[in-house]
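Visitor: I am new to this structure. Please show me how to read a few of its features.

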Amino acid sequence: MDQDPETLEPFPVDRDGRKLRQSDEDEDHGKLGCCDKFQRTVSRWMLPEKSRNTYLSRANCCPPPIFIILISIAELAVFIYYAVWKPQKQWITLDQGIWTSPLTYKPELREEAWRFISYMFVHAGVEHIVGNLFMQLLLGIPLELVHKGFEVGMVYLAGVLAGSLASSIFDPLSALVGASGGVYALLGGYFMNAVVNFREMIPLLGVLRILAILVIVGTDFGFAFYRRFYTDEQGMRVSFVAHFGGIAAGMTIGYVFFSDYNEKLLKDPRFWICIVGFVVFLLFAVLFNIFLSPAP
């Protein structure tokens, strides 16, 4: 015997008679796992609305954001080595150990080219390493989940290299330690992404993101100026110019990598403008250090 249609439980329809989809909230709590929920949150923070569906259809927590995690572990390991197994054996402010390190950038040893990159592994104290690790993990993990580890790695390393090269030109007599160039490259790329896609992202959170970046950058620059002009660790002046170089790299190369998700970069003229500009800067910095630098 057929059941009376009037006794059946109604299903939700719109005014045209089409069945409504389950709400995002119900879907989140009913069907999505923890990884999927996390990916959805990341997409709202990192991507404009038009790119979120493409990202979510491909998103997977495996593999994890391996580049930023590995580079953070390496930096922490080097810090622990110099804090525990070197003569000072203390954690607050490292001294002789890092200044004699083969990793530290020192102007008189700039012919050892690896120092232009390796200085990122050496940090001057607990507040230095904690600040850099916190920021690069906070930004790097979501960025690497959305973008490829290769892209995040290239932006990070471009910031590190731009930081040391800028320091060698504009502050040529100062030493350099810390991963601030790479951290600022991630900050610069994310800042440009938040500004360019402001209308397509959550407006209130967009304002908060931009303000948070400005506060963080302003505070960190203040400490960097203080360390440069008002402290003198073992007679070595620590440059702050790497911050400028890193953020410049992030606002150019990072902007291209992070602002257009799912786009073919090789067909984007902005990509080639940024790459050519970076190469020209690199060549100029190399020639400056060979022929014009006042450093010994």
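**Reading helices and ring pairs**

Guide: This is a predicted model, in which local features need pLDDT of at least 70, side-chain atom pairs count only at pLDDT 80 or more, and totals for chains, interfaces and linings use all residues. Residues are numbered from 1 along each chain as its sequence is written, and side-chain values use heavy atoms, with hydrogens and water left out.

Visitor: How many residues does helix α4 have, and how far does it reach?

Guide: Helices are DSSP runs of H or I, at least four residues, numbered from the N terminus. The expected span is 1.5 Å times one less than the number of residues. Helix α4 (residues 66-85) has 20 residues and reaches 28 Å from first to last C-alpha, close to the 28 Å expected.

Visitor: Which residues of α4 are buried?

Guide: Buried means under 20% relative accessible area, exposed over 50%, and partly exposed in between (1.4 Å probe, protein chains only). Among the buried residues of α4 are F67, I71, E75 and Y82. Seen down the axis, the buried residues fall within an arc of 130 degrees, so they line one face of the helix; the arc is that of the directions from the helix axis to the C-beta atoms. On the other side, L70, I73 and W85 are exposed.

Visitor: How many aromatic pairs are there?

Guide: Rings of Phe, Tyr and Trp (its six-membered ring) pair if their centres lie within 6.5 Å; planes under 30 degrees apart count as stacked, over 60 as edge-to-face and the rest as tilted. The whole structure holds six aromatic pairs. One of them, Y105 with F116, is tilted, at 5.0 Å centre to centre and 50 degrees between the planes.

Notes. Helix = DSSP H or I, 4+ residues; strand = E, 2+ residues; numbered from the N terminus.
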